[in-house]
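Subject: Structure for you to look through

Hello,

Here is the structure I said I would pass on. Please have it open while you read the notes below it.

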Amino acid sequence: MTSAATTATGLRRVGEQALGITWADGAESTLPLREIRLACGCAVCVNEVTGAPQLDPDTVPADIGAVRIAPVGHYALTFTWTDGHATGIYPWENLRALADGFGATQDGGA
Ligand SMILES: [Zn+2]
């Protein structure tokens with residue numbers, strides 16, 4: 001994956017429950033916020049030792065939103081969720097991989 005594929009040039013809210021990301025390689029992604037929440041890799045959501053998921057998707061509201069979305073240096077984003085969770089850090093690589101799983105509108109190969 002090129003660095004352009006994991007460099008975001010734009011972020012925008014898409015309604016209340018999705019985040020749009022424009023990437024430096026020209027791709028555009030729209031990620032449902034709930035999917036980002038479910039992909040949280042923090043120590044509360046994923047067992048640090050075994051890597052086993054600790055988060056029960058049923059406990060994440062279907063209408064979960066982001067109170068705050070903020071950059072972490074140049075490498076990641078952090079979210080404060082409406083369920084109060086705020087410990088996850090999402091490297092751009094992870095967000096791009098998640099986005100590609102949903103199919104970017106351009107350059108969104110399998
Ligand atoms: Zn988490």
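Among contacts in the protein between residues at least 6 apart in sequence, 37% join residues at least 24 apart. Two residues count as in contact if their C-beta atoms, placed from the backbone, lie within 7 Å. This is a predicted model, in which local features need pLDDT of at least 70 and side-chain atom pairs count only at pLDDT 80 or more, while totals for chains, interfaces and linings use all residues. Residues are numbered from 1 along each chain as its sequence is written.

Overall size and layout

A compact globule of 110 residues would have a radius of gyration near 13 Å, and the 14 Å of the protein agrees with that. The radius is taken over C-alpha atoms, and the globule rule is 2.2 Å times the number of residues to the power 0.38. The C-alpha atoms fill a box of roughly 35 × 30 × 30 Å along the principal axes. The protein has two helices and six strands, in the sequence pattern β-β-β-α-β-β-β-α. Helices (H or I, at least four residues) and strands (E, at least two) are DSSP runs, numbered from the N terminus.

The sheet of β1, β2 and β3

Three strands form an open sheet in the order β1-β2-β3, with antiparallel pairing. Two strands pair if DSSP finds at least two bridges between them. β1 (8–14) and β3 (28–32) stand at the edges with a single partner strand each, so one side of each has no neighbour in the sheet. Neighbouring strands of this sheet are turned by 20 degrees against each other on average, direction ignored. α2 packs on the sheet and touches β1, β2 and β3; its direction makes about 90 degrees with that of β3. For such angles, axes are lines fitted to C-alpha atoms, for helices over the stretch in contact, and values run from 0 to 180 degrees between N-to-C directions.

Six bridges join β1 to β2, and Arg-12 stands opposite Gly-20 in β2. The hairpin of these two strands has three residues between them, and Gly-15 there takes a positive phi near 65 degrees. β2 and β3 pair over five bridges, with Leu-31 in β3 as the bridge partner of Leu-19.

Strands β4, β5 and β6

β4 (residues 66–72) and β5 pair in the antiparallel sense over six bridges. β5 also pairs with β6 (residues 89–91), antiparallel and over three bridges. Thr-78 is the bridge partner of Ala-70 and of Ile-89 in β6.

The core

The largest nonpolar core has 13 residues, and those with the most contacts inside it are Ile-21, Ile-36, Phe-79 and Leu-95. The elements that give two or more residues to this core are β2 (18–23), α1 (33–38), β5 (76–81) and α2 (92–102). A nonpolar core is a set of buried Ala, Val, Leu, Ile, Met, Phe, Trp, Tyr and Cys residues joined through C-beta atoms within 7 Å.

Regards

Conventions:
Buried ≥ 20, exposed ≤ 12 C-beta atoms within 10 Å, placed from the backbone.
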